[in-house]
Amino acid sequence: MQFVHALIIALLTWLVATAFPMWLRWSMYFGAPLVSGLINGLLLGDLTYGLQCGGTIMMAYIGLVAIGGSLPSDLSLAGYLGVYMTMASNADPSVGLPIAVSLGFLGILCSNAKMSLNPIWVHKADKYAAEGNTKGVIAMNLFGSQVVPFITYFIPAFLCVLLGAPFMEKMLAIVPAQVISILKLIGSMIPALGLAMLMNMMNKKSTIPFFLMGFVLAAYLKLDIIALAILGAAFGILHLLYTSGRREQENV
């Protein structure tokens, strides 16, 4: 069973990081901790614990924005492997935050390696294109471009999961209790950073009214998260309808 878990997590980490189409990556990559919380919860038979770990880790990345393809952290490793390793070690969800953030930084190295080495296949594809070899161009784009990501994402994730909970428990047992306390403290601070990033992104005239309405609904009317999500979707649809009508009038 451990082999199956390792295979699923490693495949997800690898495919989400590199091979999924962009429309699917918006949910599977940028929401990786939440998706991973669900998947790992089902795999390990504790859905509540999985969602707690995923939701806690997601707090650190809730305001993450990709600018020009540059990311401050890699969500595939932080999400899929971070949640699994937290659950495998049976640690508190807050301890999972430093684990996931560290993996996210490690993932940046994997991403840089991919972008630095993949031009090899681009040049080969150019060569095949000049020769009129369509199959060669397709092979370089579909398969050649996945060689480096397979080595940097799939293999490390597979080995980490395959070594399993005993390995993680031994690792945590070596760590002094003071260090664990520090990790928990850092973990409780990181969500504040994520929310600050989100606030910075929402600091626009067009979005501040939505923030104020959400604050009133949550803080004063005490609505739960489901009601807030439904109202948020309704406000978003109304915003699109009104702004699209105004743009059409401006174009006439």
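Buried residues account for 36% of the 252 residues in this protein. The model is a predicted one. Its fold has 12 helices and 0 strands.

**Overall build**
- Read from the N terminus, the elements run α-α-α-α-α-α-α-α-α-α-α-α.
- Take the contacts in the protein with a separation of 6 or more: 75% of them join residues 24 or more positions apart.
- The accessible surface totals about 14700 Å². Carbon and sulfur atoms supply 73% of that surface.

**A look at helix α7**
- Helix α7 covers residues 119-131, which makes 13 residues.
- Gly 132 follows α7. The phi of Gly 132 is positive, near 75 degrees.
- An α-helix has 3.6 residues a turn, so residues three or four places apart point the same way.

**Cysteines**
- How many disulfides does a search of the whole structure find? The search finds 0.
- Is Cys 53 buried or exposed? Cys 53 has a relative accessible area of 0%, so it is buried, the cut-off being under 20%.
- Cys 160 has a relative accessibility of 27%. Cys 160 therefore counts as partly exposed, since that class lies between the 20% and 50% cut-offs.

Technical notes: Residues numbered from 1 in each chain as written. Predicted model: local features only at pLDDT ≥ 70, side-chain atom pairs only at ≥ 80, totals over all residues. Heavy atoms only, no water. Helix = DSSP H or I, 4+ residues; strand = E, 2+ residues; numbered from the N terminus. Expected span 1.5 Å × (residues − 1). Disulfide = S-S within 2.5 Å. Buried < 20%, exposed > 50% of the residue type's maximum accessible area, 1.4 Å probe, protein only. Contact = heavy atoms within 4.5 Å. Areas by Shrake-Rupley, 256 points an atom, 1.4 Å probe, with all protein chains shown as cover.
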